[in-house]
Amino acid sequence: MIKGIHHISLKCGTKCDFDRAVNFYVGILGLSIYRKWPEGVMLDTGNGFIEIFCTGKGELTKGAIRHVALLTDYVDELSDRIKAAGYKVFIEPTDTVIASTPLYPIRMAFCIGPLGEEIELFCER
């Protein structure tokens with residue numbers, strides 16, 4: 001019955017947070033705007049969407065989701081762009097093998113996004 005994940009939603013506390021978040025995902029990561037409305041935007045990731053809302057209430061909350069993993073072939077390049085823009089990469093690009101059956105070789109990096117969200121840049125090998 002479930003066909004996939006349609007979107008992940010991020011909530012901003014201020015207009016400044018909203019502008020910074022849109023700049024990060026569009027200007028730095030290169031996502032394109034799919035839809036826009038007065039208090040939000042939906043960005044196209046290629047196989048789903050990231051929705052960013054601005055309610056202007058000045059508060060940010062963190063729920064149970066640990067991180068968002070974005071699929072890319074450019075882990076190192078995006079990590080460099082993120083750092084150059086002043087954001088924290090807290091796990092540098094690394095090759096690893098997830099001990100699953102079958103083994104799952106990947107390259108990944110983790111950063112902190114503009115709203116405090118953890119983002120994994122994920123490449124299947």
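**Exercise 1.** How much space lies in the largest cavity, and which residues line the largest cavity?

*Solution.* The model is predicted, and we begin by counting: the structure holds one cavity of 30 Å³ or more. Next comes the volume, and about 40 Å³ of space lies in the largest cavity. Turning to the lining, we find Ile 8, Tyr 25, Ile 50, Val 68, Leu 70 and Ile 119 around the largest cavity. Sorted by class, this lining has six nonpolar residues, while no polar and no charged residues take part.

**Exercise 2.** At what angle do the axes of helix H1 and helix H2 cross, and which residues of H1 and H2 meet?

*Solution.* Two packed helices are described by the angle between their axes and the distance between the axes. Here the axes of H1 (residues 15-28) and H2 (residues 75-84) come within 11 Å, and they cross at roughly 140°. Because of this angle, H1 is oblique to H2. As for handedness, H1 passes H2 in a right-handed crossing. On the H1 side the contact is made by Phe 24, Gly 27 and Ile 28, which meet Leu 78, Arg 81 and Ile 82 in H2. By class, this contact of H1 with H2 has four nonpolar, one polar and one charged residues.

**Exercise 3.** Is the peptide bond from Thr 101 to Pro 102 cis or trans, and where is the place of Pro 102?

*Solution.* As background, most peptide bonds are trans. The bond from Thr 101 to Pro 102 is cis, with omega near -5°. Pro 102 itself sits in the loop between strand E6 (89-98) and strand E7 (104-112).

Definitions and conventions
Residues numbered from 1 in each chain as written. Predicted model: local features only at pLDDT ≥ 70, side-chain atom pairs only at ≥ 80, totals over all residues. Heavy atoms only, no water. 1 Å grid on protein atoms, 1.4 Å probe; cavity = no way out; pocket = protein on both sides within 12 Å on 5 of 7 lines; lining within 4 Å. Points joined across faces, edges and corners; volume = space filled by probe spheres on them. Nonpolar A, V, L, I, M, F, W, Y, C, P; charged D, E, K, R; others polar. Axes fitted to C-alpha atoms, helices over the stretch in contact; angles between N-to-C directions. Helix = DSSP H or I, 4+ residues; strand = E, 2+ residues; numbered from the N terminus. Parallel < 35°, antiparallel > 145°, perpendicular 65-115°, else oblique. Left-handed = near helix turned anticlockwise from the far one by under 90°. Contact = heavy atoms within 4.5 Å.
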